[in-house]
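Please look over the sequence and the model shown here. The paragraphs that follow lead through the structure a few residues at a time.

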Amino acid sequence: MIEPKKKVSKARRNTRFSANAYAKTPNLVECSHCHTMKEAHRICPNCGFYNGRQVKVKKEENK
């Protein structure tokens, strides 16, 4: 059987998983048009505006 050449210390082993412990939540900012919270540097999912201009046209629902 293949054996590891040396023991891997607990500190070295645990550093492989330490990057996942500091996962951040997305940075939320207020939309300048509809004033809802959205992710920074993204199109607003509510109104479709980005950087002061309309990028995506919201579909109207038939009622």
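In which loop is Asn27 found? Asn27 sits in the loop between α2 and β1, the strand that covers 28–30. The model is a predicted one, so the predictor's confidence, given as pLDDT on a scale from 0 to 100, is worth a look before going further. The mean pLDDT of the protein chain is 86, and 95% of its residues reach 70 or more. Among the elements of the chain, β2 has the highest mean pLDDT, 94, while α2 has the lowest, 79. Where pLDDT is low, the predicted coordinates should not be read in detail.

Back to Asn27. With a relative accessibility of 54%, Asn27 counts as exposed, because the cut-off for that class is over 50%. The C-alpha atoms of Asn27 and His41 are separated by 9.5 Å; along the chain these two residues are 14 residues apart.

His41 itself belongs to the loop between β2 and β3. At 64% relative accessibility, His41 is exposed. Its backbone has a positive phi of about 60 degrees, although His41 is not a glycine. Most residues other than glycine have a negative phi. Asn51 is another non-glycine residue with a positive phi, here of about 55 degrees. The place of Asn51 is the loop between β3 and β4, and Asn51 is exposed, with a relative accessibility of 64%.

The loop between β2 (37–39) and β3 (49–50) also holds Ile43. Is Ile43 partly exposed or buried? Ile43 has 37% relative accessibility and counts as partly exposed, because that class lies between the cut-offs of 20% and 50%. Together with Tyr50 and Val55, Ile43 makes a nonpolar surface patch of about 230 Å².

A patch of another kind is positive and is formed by Lys7, Lys10, Arg13 and Arg16. Where does Arg16 lie? Arg16 is in the loop between α1, which spans 10–15, and α2, which spans 18–21. The relative accessible area of Arg16 is 55%, so Arg16 is exposed. Membership of a patch requires over 30% relative accessible area and no salt bridge.

The last stop is the segment after β4, the strand at 53–54, where Lys58 is found. Val57 is found in the segment after β4 as well. Val57 is exposed at 66% relative accessibility, and Lys58 is exposed with a relative accessible area of 52%. For each of these residues a C-alpha separation to a cysteine can be given. For Lys58 and Cys31, which are 27 residues apart along the chain, the C-alpha separation is 15 Å.

Key: Residues numbered from 1 in each chain as written. Predicted model: local features only at pLDDT ≥ 70, side-chain atom pairs only at ≥ 80, totals over all residues. Heavy atoms only, no water. Patch = residues over 30% accessible without salt bridge, like charges linked within 9 Å, V, L, I, M, F, W, Y side chains within 5 Å. Areas by Shrake-Rupley, 256 points an atom, 1.4 Å probe, with all protein chains shown as cover. Salt bridge = Lys/Arg side-chain N within 4 Å of Asp/Glu carboxyl O. Lys, Arg positive; Asp, Glu negative; His and termini not counted. Charge placed at Lys NZ, Arg CZ, Asp CG, Glu CD. Helix = DSSP H or I, 4+ residues; strand = E, 2+ residues; numbered from the N terminus. Buried < 20%, exposed > 50% of the residue type's maximum accessible area, 1.4 Å probe, protein only.
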